[in-house]
Amino acid sequence: MALDTALADRWRAVRPPVAGVHVDSAACSRQSLAAIDAAARHARHEAEVGGYVAAEAAAPVLDAGRAAVRVLTGMADAEVVFTTGSNNALDILLGDWRGERTLACLPGEFGPNLLAMAQHDFEVRLLPVDGSGRADIDAAAVALERNPPSLVHFTMLGSHSGIVQPAHDMAAVCRASGVPLIVDAAQGFAHLDCAGIGADALYSSSRKWTAGPRGVGMLAAGTGVLSESAMLRLGHAETNIGLHVGLSVALGEHIGVGPTEMQAGLREVGAATRTVLDQVAGWSVIEDVAEPSAITTLRPPDGVDPMEVRARLIAEHSIVTTYLGLERAPREMTRPALRVSPHVDVTDADLETLAEALAAVTS
């Protein structure tokens, strides 16, 4: 299938030229020149007038970034907090939780999230899923009704798989059961439709599909979710305002392209990637071709180490992918894999280059 070259050209034109082939946006996308320059200009302004004065001057840009988060999540009245990333956001939410410490999540929950839950003394229960790892909504409704946890933590798109989870349906089930819902949108934000889910809180990182700087993220929390003391601490936390400025610019660029157009483009990218890569040198694609995400998970042939393959793709072909170890989803993964996650600027030629390189390093 032919990819949308107009969207690809538009995305590529506002970024530095890529050195090789970058198909690793689920780990870290390429920032735009505008986002890079905005963060750098703020750092210079801090040196000129002082950090606190510069922060006051940046307030309109940061307010615009928070407004963009509200638009993209459909949480018009949310308190939007800039964080250092998704792990930080989850730590804030779990540390501030004032109810019983029982939590339900998917078996494919991100490994570091499970560690955070354990560190905050949460009892973890697993939501029912089908054979692909996708949430079984009807069974989940029964489970929550019979034995409701104090909250549900729902990862709408995992780190280890491109299977899209039914976040909107899960939110409806949680509302019917009276169970608060936290959505991990680290992989879903600026990738999937996050508007109108109806979560009590939703968080994400900047560096993935939003294509903002590393070391920053965002948390949108409904009224009363965060305590007054938590908000006070967050208001006085040490923060890198320059990165927040860069993220705000990236959010504006995303809205400028159009969230619906971006989602459609990423779906096309995912379908094209899976079509090209399936069965190359014995590698098999886990997701269905029509899965509505841009993440492709490759299961290796017997005897092939995905970690070594990733390293050789970089060293020998300048192609960046992701190695998936079992620690990413320790309750679901049974063997390591390779993740391919292009953004909308990938070309058909890039995918063919990747397929040829994958065959070369596998053999």
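**Backbone entries**

I looked up Ala281 and noted that, at 36% relative accessibility, Ala281 counts as partly exposed (buried means under 20% relative accessible area, exposed over 50%, partly exposed in between, with a 1.4 Å probe and protein chains only). The model is a predicted one, in which local features need pLDDT of at least 70, side-chain atom pairs count only at pLDDT 80 or more, and totals for chains, interfaces and linings use all residues. Residues are numbered from 1 along each chain as its sequence is written, and side-chain values use heavy atoms, with hydrogens and water left out.

I placed Ala281 in the loop between H11 and strand E9 (284-285); helices (H or I, at least four residues) and strands (E, at least two) are DSSP runs, numbered from the N terminus. Phi of Ala281 is near 50°, a positive value in a residue other than glycine. Most residues other than glycine have a negative phi.

I then turned to Ala211, where phi is near 65°, again positive in a residue other than glycine. Ala211 sits in the loop between strand E7 (201-205) and strand E8 (217-221). I recorded Ala211 as buried, with a relative accessible area of 0%.

**Pocket entry**

I looked up the largest pocket and found a volume of about 870 Å³. On a 1 Å grid over the protein atoms alone, a pocket is an open set of points with protein on both sides within 12 Å along at least five of seven lines, a cavity is a set where a 1.4 Å probe fits but cannot get out, and lining residues have an atom within 4 Å of a point. Grid points are joined across faces, edges and corners, and a volume is the space filled by probe spheres set on the points.

Of the 34 lining residues of the largest pocket, Leu234, Gly235, Ala237, Thr239 and Ile241 are the closest to its centre. Elements giving two or more residues to this lining include helix H9 (228-235), helix H10 (241-257) and strand E2 (79-83).

**Cavity entries**

I noted two cavities of 30 Å³ or more in a search of the whole structure. The largest cavity has a volume of about 120 Å³. Its lining has 13 residues, and Gly108, Gly133, Gly158, His160 and Gln165 are the closest to the centre.

For the second largest cavity I recorded about 30 Å³ of space. Leu3, Asp4, Leu7, Gly265, Glu268, Val269 and Val344 line the second largest cavity. Helix H11 (residues 259-277) gives the most to that lining, with three residues.
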